[in-house]
Amino acid sequence: MVPDYDESNITAAVLGSLTNAKSERARHISEAMVRHLHAFIREIEPTEAEWMAGIDFLTRTGQMCSQSRQEFILLSDTLGASMLVDAINHRLPSGATATTVLGPFYTPPPEFGDGDDMSNELEGAPLFIEGSVASVSGERLAGALVDIWHCDSEGFYDLQQPTGIDVLSGRGRFRTQADGSFHLWTVRPTAYPIPADGPVGEMLAVQGRHPFRPEHVHFRVEAPGHHELVTHLFARGDDWLLSDVVFGVKDALIRSFEQHEGGIARDGRVMDGTWFTLRADFGLAPATK
Ligand code: BEZ
Ligand code: FE
């Protein structure tokens, strides 16, 4: 006899179809997906038009993705899913710098020498970043790789240029010195809205949310034998610190961008006008695997 599937037996039937999954992990993930999806449908009781609108939303999210736009990462970020995955994967010991989302604008950056300027002619107030990398036990780590990226003073990343990317700017790869230190020049970024002209922007509008992230600089730090660190440093006093659209802010990651007028920077550069300094000291947890 053909089973008559209805609200009372459809979930069990789909779960029952998963017994030959290729691995325990595949079975576990598939079962959880079915249980939660069916629970979601039972909770919201969508009309068929609403369900098709949801499918259309996901279809358009995929269609919006390109070399310069990753709408699915934006969706994951704005629903707090990226920060939840981040939290689960980085349960770190005390002394380790807190992590936050990678975001959609990372790409392996050009390499620079210690002290170089990575702004590559971006407009904005000069920013001198001076920092260090150490283990949680305080041992300074020489030769650690430090990738840094940020938007320009208008709030755009180089990857977002509509004309395509001729040159990367506002991003660089540095290596720590024998004492674990690094320093570089760039320009100060700004707070910015995430791209809101696609399905994620529509979702934020429907949910009554703004699209802004507080001003920040991104860092990715790698050292042998240590847990990779992906984080940002956020500007103290920024208007959006309490309502970051991707839920990425942590108190321990807020720093003062110290303002200066003229004078001489610590590396001897003679300064004219307003410029800023940011300290970026990181603690890395030991690798677990
Ligand atoms: C970013 O900070 O680059 C970012 C993070 C999540 C979504 C959009 C942008
Ligand atoms: Fe960013």
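1. Leaving aside neighbours within four places in sequence, Arg171 is in contact (heavy atoms within 4.5 Å) with Phe105, Tyr106, Thr107, Pro109, Pro110, Phe112, Met118, Ile148, Trp149, Tyr157, Asp158 and Leu159. With one of these, Asp158, the side chain of Arg171 makes a polar contact of 2.6 Å. A polar contact is a pair of N or O atoms within 3.5 Å; within protein, one must be able to donate a hydrogen and the other to accept it, and residues adjacent in sequence count only if both atoms are side-chain atoms.

2. This is a predicted model, in which local features need pLDDT of at least 70 and side-chain atom pairs count only at pLDDT 80 or more, while totals for chains, interfaces and linings use all residues. Residues are numbered from 1 along each chain as its sequence is written, chains are lettered from A and ligands numbered from 1 in the order in which they are written, and side-chain values use heavy atoms, with hydrogens and water left out.

3. Where is Arg171 found? Arg171 belongs to strand E3, residues 171–175. Helices (H or I, at least four residues) and strands (E, at least two) are DSSP runs, numbered from the N terminus. Arg171 counts as buried because its relative accessibility is 1%. Buried means under 20% relative accessible area, exposed over 50%, and partly exposed in between (1.4 Å probe, protein chains only).

4. His150 is in the loop between strand E2 (145–149) and E3. Is His150 buried or exposed? With a relative accessible area of 1%, His150 is buried. Its side chain and that of Thr186 are joined by a polar contact of 2.6 Å. Beyond neighbours within four places in sequence, the contacts of His150 include Met118, Leu122, Tyr157, Gly170 and His216.

5. The protein chain has six helices and eleven strands. Its C-alpha trace spans about 85 × 40 × 35 Å along the principal axes. Of its 289 residues, 40% count as buried. Among contacts between residues at least 6 apart in sequence, 71% join residues at least 24 apart.

6. Next, the empty space. Rolling a probe the size of a water molecule over the atoms shows where empty space is left. On a 1 Å grid over the protein atoms alone, a cavity is a set of points where a 1.4 Å probe fits but cannot get out, and a pocket is an open set with protein on both sides within 12 Å along at least five of seven lines; lining residues have an atom within 4 Å of a point. Grid points are joined across faces, edges and corners, and a volume is the space filled by probe spheres set on the points.

7. The largest pocket holds about 300 Å³ of space. Helix H2 (24–44) and helix H3 (48–63) each supply at least two residues of its lining, and H3 gives the largest share, six residues. Among the lining residues are Leu37, Phe40, Glu50 and Trp51. By class, the lining has eight nonpolar, one polar and one charged residues. Here Ala, Val, Leu, Ile, Met, Phe, Trp, Tyr, Cys and Pro count as nonpolar, Asp, Glu, Lys and Arg as charged, and the others, Gly among them, as polar.

8. How many cavities of 30 Å³ or more does the structure hold? There are two. The largest cavity has about 90 Å³ of space, and its lining includes Asp77, Phe105, Arg213 and His218. The second largest cavity has about 30 Å³; Glu228 and His227 are among the residues that line it.
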